[in-house]
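Morning, everyone. Please bring the model up on your screens, and I'll talk you through it.

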Protein chains: 2
Amino acid sequence: MSCESLIRASLTRIDAREREVGAWAYVDRDAALARARALDSGDQTGLRSGLLHGLAVGVKDIIDTADMPTEYGSPIYAGNRPRQDAACVQRLKAAGAIILGKTVTTEFAFVQPGGTRNPHDLACTPGGSSSGSAAAVADGMVPVALATQTGGSTIRPAAFCGIFGYKPTFDRFPGAGMKPLAPSLDTIGVIAATVDDIARVSAVLAGESPAAVHVPDHPGFALCRTPYAAQAEPQTLERLAMVARTLEDAGGHVRELELPAPFSELNDLHRVIMAHETARAMAHEWRTARQRLSPSMASFIERGLSVSAEAVAAARAHVEACMRALPALLGKGELILTLSAAGEAPVGLASTGNAVFSRLWTLLGLACFALPAGRGMRGLPLGVQLVGGPEALLFAAASWSARRLHEATLGERA
Amino acid sequence: MSCESLIRASLTRIDAREREVGAWAYVDRDAALARARALDSGDQTGLRSGLLHGLAVGVKDIIDTADMPTEYGSPIYAGNRPRQDAACVQRLKAAGAIILGKTVTTEFAFVQPGGTRNPHDLACTPGGSSSGSAAAVADGMVPVALATQTGGSTIRPAAFCGIFGYKPTFDRFPGAGMKPLAPSLDTIGVIAATVDDIARVSAVLAGESPAAVHVPDHPGFALCRTPYAAQAEPQTLERLAMVARTLEDAGGHVRELELPAPFSELNDLHRVIMAHETARAMAHEWRTARQRLSPSMASFIERGLSVSAEAVAAARAHVEACMRALPALLGKGELILTLSAAGEAPVGLASTGNAVFSRLWTLLGLACFALPAGRGMRGLPLGVQLVGGPEALLFAAASWSARRLHEATLGERA
């Protein structure tokens with residue numbers, strides 16, 4: 001198929017569904033079609049590789065683009081047009097990808113929703129903060145979208161929308177040009193309809209050669225319900241157990257992992273560190289446009305301003321101790337198998353849901369991979385999450401697991 | 001004195017000297033005077049504290065300002081006007097500081113000079129990359145200027161210009177709005193004519209209450225010539241020894257510290273990590289405006305693109321091992337006393353000098369403080385550097401040492 005026909009297919013789907021789904025902050029039809037035609041006619045201008053030749057990509061509107069508006073989900077930045085592309089956008093372009101537009105983000109990638117609906121049920125949130133990226137991919141508008149995660153902003157919307165989501169090991173992808181929210185946590189991620197697309201796009205974003213995925217015969221999984229299991233719906237825990245049995249039946253090694261007591265503080269410490277960093281990063285908006293921030297953002301900044309340097313230092317020391325303790329808790333080649341969200345996407349658009357099943361992993365800097373795992377009682381997607389690294393191992397295990405779940409009719413969007 | 005008269009004094013000095021020194025990329029006379037008059041008339045708009053009431057500050061032109069151009073020392077960004085102030089600029093404003101203008105940076109805070117001259121000898125470099133900040137403070141144009149350091153970009157120009165320079169512990173000040181060069185190293189710093197001004201401005205930038213500086217009676221110093229002493233001028237090593245004797249005579253405890261062998265690799269590893277990160281951060285400029293980058297920047301990016309992920313990982317692991325080894329090498333409350341540069345400012349404007357005496361400390365994330373220490377054989381400033389933390393200890397030792405050096409007629413600009 002030609003690049004132009006693929007872009008036209010994306011645009012047709014957007015035309016049909018965007019009014020209901022609301023996944024896009026901006027779509028540049030003409031530029032995307034022009035680029036597609038140029039690629040079809042052999043134009044190699046600016047290409048470093050053709051690894052993503054003609055791939056249509058949505059870019060979360062928290063990531064700067066020089067040729068499209070970038071509004072960060074906030075009226076403060078209406079009409080904002082950055083001078084430069086984010087580094088990850090440039091890497092996509094240089095590999096032949098076509099940036100179709102900007103996907104809706106919550107306000108500054110925090111919690112205030114941007115109006116996007118879950119394509120599986122328009123009455124439900126798609127999750128956030130990467131709301132538009134998850135909804136656009138889940139609805140078939142684009143195969144791939146860039147996301148970000150500071151708490152659970154890639155994994156949770158991927159889970160709620162029944163697609164794959166990947167948050168890399170901290171700092172694996174260049175972050176230049178992503179609007180800072182909490183810089184020690186902010187991580188650019190990828191949402192896609194297939195594990196392969198995530199692996200391909202990730203190689204480009206990391207500046208690495210795409211490695212053949214080596215899938216082990218008997219991957220190892222440490223089944224972990226986290227210290228926050230009480231916040232999960234019963235069906236979610238049951239689905240996690242069913243997934244574990246499915247992977248075990250397929251040859252995986254699964255054993256239980258209970259995190260030591262200090263890990264149970266990580267969710268609270270995430271809030272301390274993030275609030276502190278957000279208050280710092282948002283100094284300009286706080287001082288010049290406070291009345292145009294959402295109440296949730298304003299109160300989070302106020303909380304951050306009241307956090308003492310000692311509290312931040314103690315929190316970081318606690319996190320580092322957990323980081324040091326973690327390797328001894330995992331066997332060689334073992335990944336954590338855990339929840340990706342508390343349950344199905346909640347009804348309503350006022351909240352993007354609970355991030356508690358992602359914050360601890362983000363805080364530890366670990367790579368995370370959301371896998372769809374069938375439907376829940378309300379007919380909406382459920383999912384699980386693999387956590388750990390290195391990336392080659394994670395992608396191999398994700399690929400192996402996705403195939404096994406699909407065979408067990410758990411991994412397919414019905 | 002009124003704020004207005006202080007600003008007028010700054011502007012008068014700039015009028016008299018700027019044509020020769022070339023410290024400024026932009027000066028906003030009218031806005032600075034208007035803000036000074038407003039402060040004089042009791043206007044508290046936007047103030048969080050009056051800690052820096054009326055203080056004139058220059059801001060390195062690698063740091064974003066919404067009300068002044070920000071050109072990053074590159075023709076690629078001619079006329080660039082960011083949408084927002086950097087977080088540190090907002091913090092200065094909220095404490096009552098008056099941003100007088102933008103100081104000259106080398107191209108993207110790397111090595112290509114911006115034409116600034118050393119106020120002590122116009123034929124010599126002021127150092128870089130914070131060339132304008134150091135020259136403006138040394139020439140009496142402003143008492144304080146923001147700088148940045150990725151290798152030696154705050155400490156070296158402070159040394160060459162005979163003033164005080166401070167590079168905080170990594171990430172102590174919010175970095176949002178600083179143009180990324182190598183994000184794991186980029187650090188906003190402060191250049192000033194007095195230790196007290198650095199302490200005061202630092203408290204504001206860190207969001208902490210200004211603490212009374214507790215000066216110990218017998219501060220401890222680990223005299224360290226670094227593994228790179230062979231690159232220093234003999235007079236610089238002699239001056240370092242003289243400073244050590246002076247501090248010892250004044251009651252300080254001084255002992256020799258030779259860094260273990262692994263530390264001698266840190267300069268080379270700094271180049272590996274920085275080249276890798278710079279190639280990532282500069283993706284937009286590399287892809288869209290390569291011909292407008294200096295040859296030195298272009299070749300550094302090419303080097304960075306050729307660095308393997310394995311080499312970066314190995315470098316980071318080596319650095320972390322050195323970080324872990326360091327505390328055991330230092331006594332309680334002890335700081336490293338070392339060179340701040342290879343010698344006096346070199347003649348000529350084509351290079352900003354050798355950063356080898358700063359890169360290792362930047363790579364270790366340590367706080368650094370440059371102290372003037374008299375003049376060299378060509379009549380230009382020489383200096384020394386204190387390294388380590390925590391910040392309260394560093395400031396106390398810097399204050400104590402500066403006083404002792406001044407009494408010994410080593411610390412004064414003649």
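Housekeeping: residues are numbered from 1 along each chain as its sequence is written, and chains are lettered from A and ligands numbered from 1 in the order in which they are written. This is a predicted model, where local features need pLDDT of at least 70, side-chain atom pairs count only at pLDDT 80 or more, and totals for chains, interfaces and linings use all residues.

Start with B:G348. Its place is the loop between strand 9 (334-339) and helix 12 (356-363) of chain B. Buried or exposed? We call a residue buried if 20 or more other C-beta atoms lie within 10 Å of its own, exposed if 12 or fewer, and partly exposed in between, with C-beta atoms placed from the backbone. B:G348 has 11 such neighbours inside 10 Å, so it counts as exposed.

Now helix 12 in chain A. 8 of its 8 residues are buried, so the rest of the structure largely encloses it. A:F357, A:R359 and A:W361 are among them. Just after that helix, A:G365 has a positive phi of about 75°.

On to the sheet. Strands pair if DSSP finds at least two bridges between them. In chain B, 11 strands make an open sheet, order 1-3-2-4-6-5-10-11-9-7-8, with mixed pairing. Strand 1 (24-27) and strand 8 (253-256) of chain B are the edges, each pairing on one side only. The twist averages 30° from one strand to the next. Strand 9 and strand 11 (residues 381-387) of chain B pair antiparallel over 4 bridges. There, B:L337 stands opposite B:L386.

What lies across strand 9, strand 10 (368-375) and strand 11 of chain B? Helix 13 (residues 391-407) of chain B does, at about 5° to strand 10. Axes here are lines fitted to C-alpha atoms, for helices over the stretch in contact (C-beta atoms, placed from the backbone, within 7 Å), and angles run from 0 to 180 degrees between N-to-C directions.

Conventions. Helices (H or I, at least four residues) and strands (E, at least two) are DSSP runs, numbered from the N terminus. Two residues are in contact if their C-beta atoms, placed from the backbone, lie within 7 Å.
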